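Thanks for joining; I would like to take a few minutes on one model, going through its domains and then its ligand.

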Amino acid sequence: MTMRVDLRSDTVTRPTTVMRRAMAEAEVGDDVFGDDPTVRLLEEETAAFLGKEAALFVPSGTMGNQVSVAAHTERGDEAICESTSHIFLYEGGGPALLSGVQLHPLAGDRGLISLEQLRGAIRAADVHFPVSRLLCLENTHNRAGGRVLPVADVEALTAEAAIHGLRTHLDGARIWNAAVASGIPEARWVSSFDSVQVCFSKGLGAPVGSCVAGPRDWVDRARHYRKRFGGGMRQAGIIAAGALHALRHHRERLAEDHARARRMAAALAGLPGFAVDPAETETNIVVARLAPGVADPQRWVEALSVRSVAVVRFGPAALRMVTHLDIDDDALDFAVRAVREVAAELGRAQD
Ligand code: TLP
């Protein structure tokens, strides 16, 4: 069988045989009526795991972030975020479209904003200004190459936000990776936030689904927005069962993904055409920065694709490679060989 290695994202995993069986056998009901026992179990287990009062199952990370923004804010409010965060870059202007909320992006240092930046961004009470209502952070940070934001900085930012009366939301799409890489449990990572969004469909390998978690009355508001945004699902226990299986069985193994990503980063660091610092790969995302003057990233994407390795272009001068459940050591070796060949071809500076 010819190998094809897909490193575009950890969203590309397919459900395992046991996961599919759990999904096929899930007890279901109409979740909009609150009747689906598997969805309820997933929500309860996720809330308990994260140390929050309640949780709500949503179809995607994007919807999780968007119902969270909606449930925290009023029209005309402002939400402060980091300028390369998913919520700002990749959610289609959702806060403006769906909640009438203006995002206030701050240029961070590898995904992390400073206390001074936060203080400077919070608006005074004045009729000219929007109301600073919400701070959104992301951990691990996708554009920063799966960086685990330091816990002390995160907690200083959430404390500062609270002093100024802002609510706080964590985009914890990959909080599992942050916990496994740092040894600091998820519940601690999310404890200083009012709400969190977590994805089951990334490194944990479920086919669909996320949860938002927070105080019970806030989750009730989020539930209302989920329905309004078209995310009320009926016999959703089928997919919740995949998420539950992923949460119970696929979390510990993330350490393997991290080790393989580090191995890829170390291989890239020695190759012509790359400017990669392997110390920046802390979890399952490798941002393969290209050296100045080499071929356009799109040519690298195409040359790798010809060799059956799929990666994505990440900004003007980098590629992204993500390890996951479907990438074993053989697949990683195959990808490293392909990258070596392409680096030999394209890695020299062009005239
Ligand atoms: N990220 C996807 C792409 O949209 C970029 C990926 O391949 O990494 N928060 C973060 C930090 C994310 O990385 C993502 C997905 C989401 C939220 C949205 O999740 P979904 O795709 O379920 O809407």
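This is a predicted model: local features need pLDDT of at least 70, side-chain atom pairs count only at pLDDT 80 or more; totals for chains, interfaces and linings use all residues.

Residues are numbered from 1 along each chain as its sequence is written, and side-chain values use heavy atoms, with hydrogens and water left out.

The chain is divided into domain 1, residues 17-249, and domain 2, residues 253-350, with bounds that come from an automatic or database domain assignment. Their C-alpha centres lie 29 Å apart, and 17 residues of domain 1 are in contact with 14 residues of domain 2, contact meaning heavy atoms within 4.5 Å.

How much area do domain 1 and domain 2 bury between them? The figure is about 1,400 Å², 55% of it on carbon and sulfur atoms, where buried area is the accessible area (1.4 Å probe) that two parts lose on being put together, summed over both. On the domain 1 side, Arg-143, Gly-145 and Asn-177 lose the most area to domain 2, together 31% of what that side buries.

Now to the ligand, which is surrounded by 14 residues (a heavy atom within 4 Å), the closest being Ser-9, Gly-61, Thr-62, His-86 and Asp-171. A polar side-chain atom of Thr-62 lies 2.6 Å from an oxygen atom of the ligand, and for His-86 a side-chain N or O atom is 2.9 Å from a ligand oxygen. Taken alone, the ligand exposes 520 Å², and the protein buries 81% of that, with accessible areas from the Shrake-Rupley method and a 1.4 Å probe.

Conventions: A polar contact is a pair of N or O atoms within 3.5 Å; within protein, one must be able to donate a hydrogen and the other to accept it, and residues adjacent in sequence count only if both atoms are side-chain atoms.
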